[in-house]
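Here's a quick briefing to read alongside the model. Have the sequence and the 3D view open as you go.

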Amino acid sequence: MTDKVIENNQVTVMGEVVSNFSYSHEIYGEGFYMVDIKCTRLSDSFDIIPVMVSERLLDVTASYVGMLLCVNGQFRSYNRHEERKNRLVLSVFAREVKFIEEMEESSKTNQIYLDGYICKEPVYRKTPLGREIADLLLAVNRPYGKSDYIPCICWGRNARYAEHFKVGERCAIWGRIQSREYMKKLDEEHVEKRVAFEVSVSKLELLDEAQVQESIV
């Protein structure tokens, strides 16, 4: 049962470690730590992806800055309460980590597959340059009745397709995790640079009940 659920949220990121570990939290005596991985894009830009690692997977007291790491896991969310409201915090939860010697040209350094449910009306818009965009919020089930809420962004014909999705429909998404800087206005005088994380969608499809039953059988 648990394995079935895990299949609906699969992430692989590969890249350079660009931070030391910082303590996040502890559950049942197991400590979890955050580290940042720099994933390069085809366009020569890059994404900085936060990864949560158990102290049982790696020596979190050591520094791995500059080394190349491959992480397999899940994209997870939790609500952090701040400034009188909740903020969605996203990170890759590592299930397996391994150091690699070099990045192969053909290797996919950042890929994600999600199978979840549309939990908010899609927002379709056009940029000033006429590029079509649709924002989706996908609820992806986890064991023990939990869910992760993953913001996804679609482009072009995918955006036109996703615009008509209904809340509650089941959707499969393939893409990559991207980081995006933005300025948050704190009050009339102060702004703060923040980073948002979302899934940039390369392919998506609605799953009808017949497909869902097929995948279970």
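What follows is a short tour of strands, core, cysteines, rings and a few loop residues.

This is a predicted model, so a word on ground rules: local features need pLDDT of at least 70, side-chain atom pairs count only at pLDDT 80 or more, and totals for chains, interfaces and linings use all residues. Residues are numbered from 1 along each chain as its sequence is written, and side-chain values use heavy atoms, with hydrogens and water left out.

**Strands and how they pair**

- Helices (H or I, at least four residues) and strands (E, at least two) are DSSP runs, numbered from the N terminus, and two strands pair if DSSP finds at least two bridges between them.
- Strand E7 (residues 110–118) runs antiparallel to strand E1 (residues 9–17), with 5 bridges joining them; Asn 9 has Leu 114 in E7 as its bridge partner.
- E7 also runs antiparallel to strand E11 (residues 170–185), this time through 6 bridges, and Tyr 117 is partnered there with Arg 170 in E11.
- E7 and E9 are antiparallel too, with 2 bridges; look for Ile 118 and its bridge partner Leu 138 in E9.
- Strand E8 (residues 123–126) and strand E9 (residues 132–141) run antiparallel and share 4 bridges, with Lys 126 opposite Glu 132 in E9.
- E8 and E9 make a hairpin with 5 residues between them, and Gly 130 in the turn has a positive phi of about 90 degrees.

**The nonpolar core**

- A nonpolar core is a set of buried Ala, Val, Leu, Ile, Met, Phe, Trp, Tyr and Cys residues joined through side-chain atoms within 4.5 Å. "Buried" means under 20% relative accessible area, "exposed" over 50%, and "partly exposed" in between (1.4 Å probe, protein chains only).
- The largest nonpolar core has 41 residues, and Phe 75 and Ile 173 touch the most other members.
- Contact means heavy atoms within 4.5 Å. Setting aside neighbours within four places in sequence, the contacts of Ile 173 include Ile 112, Leu 114, Leu 136, Cys 152, Val 199 and Lys 203.
- Beyond four places in sequence, Cys 152 touches several residues, among them Ala 134, Asp 135, Leu 138, Ile 173 and Val 201.

- How many disulfides does a search of the whole structure find? The count is 0, where a disulfide is a pair of cysteine sulfur atoms within 2.5 Å.
- For Cys 152, the closest cysteine sulfur is in Cys 154 at 6.9 Å, which is too far for a bond.
- Cys 171 is in no disulfide either, as its nearest cysteine sulfur, that of Cys 154, is 7.5 Å away.
- Cys 152 is buried at 2% relative accessibility, and Cys 171 is buried at 0%.

**Aromatic rings**

- Rings of Phe, Tyr and Trp (its six-membered ring) pair if their centres lie within 6.5 Å; planes under 30 degrees apart count as stacked, over 60 as edge-to-face and the rest as tilted. That rule gives 6 aromatic pairs.
- Phe 32 and Phe 93 are a tilted pair, 5.9 Å centre to centre with 40 degrees between the planes. Phe 32 is in strand E3 (residues 30–40) and Phe 93 in strand E6 (residues 85–100), so the pair ties together parts 61 residues apart in sequence.
- Both Phe 32 and Phe 93 are buried.
- Tyr 161 and Phe 165 have ring centres 4.9 Å apart and planes at 85 degrees, so their pair is edge-to-face. Tyr 161 is partly exposed at 38%, whereas Phe 165 is buried at 2%.
- Phe 21, Tyr 64 and Phe 99 make up one aromatic cluster.

**Charges over rings**

- A charge sits over a ring if NZ of Lys or CZ of Arg is within 6 Å of the ring centre and within 35 degrees of the ring normal.
- Lys 38 has its charged end over the ring of Phe 46, 4.4 Å from the centre.
- Lys 203 lies over the face of Trp 174, 4.3 Å from the ring centre.

**Two loop tyrosines**

- Tyr 28, in the loop between strand E2 (22–27) and E3, has a positive phi near 50 degrees despite not being a glycine. Tyr 28 is exposed at 83% relative accessibility.
- Tyr 144 lies in the loop between E9 and strand E10 (147–155). Tyr 144 is not a glycine but has a positive phi of about 65 degrees, and is exposed at 79%.
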